[in-house]
Amino acid sequence: MKHVEVAIIGAGPGGITAAHYLQRAGITDFVILERAGDFGGSWRDNFYPGLAVDVPTLFYQFPFARKADWSRLFPDGPEIQRYNTAVARELGFYAHLRGHHDVTREIWNDAAQVWELDIAGQEPISARFVINARGGYLNAKSTDQIPGAAAFTGTILRPNAWDPEYACAGRRVALIGTGSSSVQILSAIAEDAASVDIYQRTPAWILPKPDVAIPAGVQRVLALPGVGAAINTMVLAMMELPMQLICTVLPKLPRSVLTSALPQYDKIWRSAYRMLLRRKVANPVDRAALVPGYGILAKRPILSSTFFTALAKPTVSLITSPIETITTAGLRTGDGTERPYDLIVMATGYEMFTDPESYRTGRTIGAAGLDLADDYRRNGLRSYGGSAHPGFPNRWSLVGPHGYVGVAWHTFVDMTARHAVRIITEAGRRDATAVRVRAEAFDRWVARMRRNEKLIRTYTVDCNPGLRTYFVNSQGDALYYRPQTISGAWWFSRRSPLSDYLFEHDTSERQKIEDIA
């Protein structure tokens, strides 16, 4: 069995970030295990029409590899993916990449104090440390969630499995879902398709997207040393006061006060949204159907300045009757109407990292046979610092419960990767072969997150009952956000107490110590 010091699982932004900090720490014996064939994560897997980022690219980039010459404030998917692969190539990470290495099982060997990784169709690998850099969108939901898919004689596509050779021009298209992917796809295909019916179960908050081309002069300014970093720091600093209020001040209020006040905030937004819809949507039936019944921050708002324009086309229809089944020729809804289609786009979402069902029994086995999936189902999703668990030595997840903090994904995984590599480096300095977060530190951290999340939980769970998003999981927990200030998370990633971890030597060394004692 081949052995490495560190195995990174996943070659998306988190995997690239972890590799960078390992390399910077002088750790070069690492591999990046990726189930696909290249870097990029979701940006590699998705290439559907209209794909673009929904966070300004000034923030949606690696802090250690800033790019100044972005074409737009919100670039399209191919430009983001070219950036990902360029960074990986420039930093020499292709030499560490093991493509088509799908890790199917992780087992902690306590005697050897290593992780043994089973890989589909490949020889297993052992690693002293594991950094799980899988992203937040783990797997696309099955097309089987709607009955009859196998009988359809047309084409079924998913955003993350799009056929680039398929032409939508002149085709009758059913677009299932009203998430970000659906909104982008509709805007891209509505002009050429013969017809597009968009099937809505839950309306989304769709707000204008302030996308503009970035002039060459601005690109030159952004290329000046320190400018990009200064802009990012300024925005993060502006978030500090709101985060202080959300995480430390407002949670001190009684829950009854919060449950009374927070819906008033949403009423203001809903009134403003109705005004937007009156300007953008002429059809009064569609206009009424497009008003969300949940709060504006209970699900992530979608940014688009083209969706309502596309919806206004005479060839585009909004369908709100629930889908009953997929037929051989198209879709039948609960009101008995059957509509024929050439293409059905299943934009129905992903298994999220916040849901316990996303973790398969037997896939990750830690100390004393502890199964991560079973622990999550029994005790809820928990972590220390958004990444560590005492039952899983030498292992960190960059995307974990109570983890997301910052403006964009790169800020988030940068902090968790820094923390993981800092502890790995310290283990090396101490000649420790195993390191695990202490149970008391873990419990203390989880209790703190539970206290600090009071406002977030009250809003997403109590004020929006029954809502299921990646902000609220199947257990009714609001675990996506890390209820901590930006400065607090920044400090933790660099200066968290090393005493919160137990650094151990190999079992033979421990036995010698016990014999001497």
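Helices (H or I, at least four residues) and strands (E, at least two) are DSSP runs, numbered from the N terminus. Under that naming, His100 is found in the loop between strand E3 (97–99) and strand E4 (103–109). The model is predicted, so local features need pLDDT of at least 70 and side-chain atom pairs count only at pLDDT 80 or more, while totals for chains, interfaces and linings use all residues. Residues are numbered from 1 along each chain as its sequence is written, and side-chain values use heavy atoms, with hydrogens and water left out.

**Parallel sheet**

- Five strands form an open sheet in the order E8-E17-E9-E10-E13, and the pairing is parallel; two strands pair if DSSP finds at least two bridges between them.
- Strand E8 (155–157) and strand E13 (316–319) are the edge strands, each pairing on one side only.
- From one strand to the next, the twist averages 20 degrees; axes are lines fitted to C-alpha atoms, for helices over the stretch in contact, and angles run from 0 to 180 degrees between N-to-C directions.
- Within this sheet, strand E9 (residues 172–176) pairs with strand E10 (residues 195–199) in the parallel sense over five bridges, and Ala174 stands opposite Asp197 in E10.
- Helix H4 (residues 180–189) packs on the sheet and touches E9, E10, E13 and strand E17 (343–346); its direction makes about 160 degrees with that of E9.

**Antiparallel sheet**

- An open sheet of three strands has the order E14-E15-E16, with antiparallel pairing.
- Strand E14 (323–326) and strand E16 (338–340) stand at the edges with a single partner strand each, so one side of each is left without a neighbour in the sheet.
- Neighbouring strands of this sheet are turned against each other by 25 degrees on average, direction ignored.
- E14 pairs with strand E15 (residues 330–333) in the antiparallel sense over three bridges, and Ile323 stands opposite Thr333 in E15.

**Nonpolar cores**

- A nonpolar core is a set of buried Ala, Val, Leu, Ile, Met, Phe, Trp, Tyr and Cys residues joined through side-chain atoms within 4.5 Å; buried means under 20% relative accessible area, exposed over 50%, and partly exposed in between (1.4 Å probe, protein chains only).
- The largest nonpolar core has 144 residues, of which Ile8 and Ile131 touch the most other members.
- Helix H11 (residues 409–429) gives the largest share of this core, 10 residues.
- Leaving aside neighbours within four places in sequence, Ile131 is in contact with residues including Ile8, Leu22, Trp396 and Ile424; contact means heavy atoms within 4.5 Å.
- A second, separate core of 12 residues includes Ala149, Phe152, Ala174 and Ile319.

**Packing of helices H7 and H13**

- Helix H7 (residues 255–280) and helix H13 (residues 454–462) pack at an angle of about 60 degrees, with their axes 10 Å apart.
- That angle makes H7 oblique to H13; angles under 35 degrees count as roughly parallel, over 145 as roughly antiparallel, 65 to 115 as roughly perpendicular and the rest as oblique.
- Residues of H7 that make the contact include Arg255, Leu258 and Asp266, and those of H13 include Lys454, Tyr459 and Asp462.

**Loop residues with positive phi**

- Most residues other than glycine have a negative phi.
- His100, although not a glycine, has a positive phi of about 60 degrees, and it counts as exposed at 55% relative accessibility.
- Ala368, also not a glycine, has a positive phi of about 55 degrees.
- Ala368 lies in the loop between strand E19 (364–365) and helix H10 (372–379) and, at 87% relative accessibility, counts as exposed.
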